[in-house]
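Subject: Handover of a structure and the findings on it

Dear colleague,

I am handing over to you the structure shown below. Please keep it open while you read the notes that come after it.

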Amino acid sequence: QVQLVESGGGLVQAGGSLRLSCAASGSIFGLNGMSWYRQGPGKQRELVASITSGGATIYADGVKGRFTISRDNAKNTVYLQMNSLKPEDTAAYYCNAHAVVTGKLYGTTYWGQGTQVTVSS
């Protein structure tokens, strides 16, 4: 089993910055792709950024240039550095990871509980 725990959310003024962290734990054989999703009030969950095990990244158009996703494989942790935050960034941010559990041949997708980011104007 794999657990994902997000942290770093909070309240920040527009133009400010936050750094989200997601730590994976459990009987992990290997972590593959890791992603950040977000879901604002009254909206569908959307992909914010993804990073492969090799470090290749993808960003949603609305955050490119402001957000940076990174990972520390030694710590099984993925980060999301969010700069120049806007009120429209307000959402619950969820960590997603595709991981292989020890003893298994195939990976499974896991979700964290989410961390709230609120950007005030």
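The notes below set out what was found, topic by topic.

Please bear in mind throughout that this is a predicted model.

The disulfide

The count of disulfides comes to one. Cysteine 22 and cysteine 95 form this bond, with an S to S distance of 2.1 Å. The two partners come from distant parts of the chain, 73 residues apart: cysteine 22 belongs to strand β3 (residues 18–26), and cysteine 95 to strand β9 (residues 91–101). The disulfide is left-handed, because the torsion about its S-S bond is about -80 degrees. Both cysteines lie inside: cysteine 22 is buried at a relative accessible area of 0%, and cysteine 95 likewise counts as buried at 0%.

How the strands pair

Strand β11 takes part in pairings of both senses. Strand β2 (residues 10–13) pairs with β11 in the parallel sense over four bridges, and glutamine 13 has serine 120 of β11 as its bridge partner. The pairing of β9 with β11 is antiparallel and has three bridges; within β11, glutamine 116 stands opposite alanine 92.

In a regular strand, side chains alternate between the two faces of the sheet. In β11, Thr115, Val117 and Val119 make up the covered face, while Gln116, Thr118 and Ser120 make up the uncovered one.

The nonpolar core

The largest nonpolar core has 31 residues, of which Trp36, Leu80, Met82 and Tyr93 touch the most other members. At least two residues of this core come from each of β1, β3, β4 (28–39), β5 (46–51), β7 (67–72), β8, β9 and β11. The largest share, six residues, is supplied by β9.

Leucine 80 shows what surrounds one of these members. Leaving aside residues up to four places away in sequence, the contacts of leucine 80 include Leu18, Leu20, Trp36, Val48, Phe67, Ile69 and Tyr93. Arg19 is also one of the residues that leucine 80 touches.

Aromatic rings and charges

A search of the whole structure gives one aromatic pair. Two arginines place their charged ends over tyrosine rings. The charged end of arginine 19 lies over the ring of tyrosine 79, at 4.1 Å from the ring centre. The charged end of arginine 45 lies over the ring of tyrosine 94, at 3.8 Å from the ring centre.

Positive phi values in the loops

Asparagine 76 has a positive phi, near 50 degrees, and is located in the loop between β7 and β8. With a relative accessible area of 25%, asparagine 76 is partly exposed. Serine 84 also has a positive phi, about 50 degrees, without being a glycine. Serine 84 belongs to the loop between β8 and β9 and is partly exposed, at a relative accessible area of 41%.

With kind regards

Note on methods
Residues are numbered from 1 along each chain as its sequence is written. This is a predicted model: local features need pLDDT of at least 70, side-chain atom pairs count only at pLDDT 80 or more; totals for chains, interfaces and linings use all residues. Side-chain values use heavy atoms; hydrogens and water are left out. A disulfide is a pair of cysteine sulfur atoms within 2.5 Å. Buried means under 20% relative accessible area, exposed over 50%, partly exposed in between (1.4 Å probe, protein chains only). A nonpolar core is a set of buried Ala, Val, Leu, Ile, Met, Phe, Trp, Tyr and Cys residues joined through side-chain atoms within 4.5 Å. Contact means heavy atoms within 4.5 Å. Rings of Phe, Tyr and Trp (its six-membered ring) pair if their centres lie within 6.5 Å; planes under 30 degrees apart count as stacked, over 60 as edge-to-face and the rest as tilted. A charge sits over a ring if NZ of Lys or CZ of Arg is within 6 Å of the ring centre and within 35 degrees of the ring normal. Two strands pair if DSSP finds at least two bridges between them.
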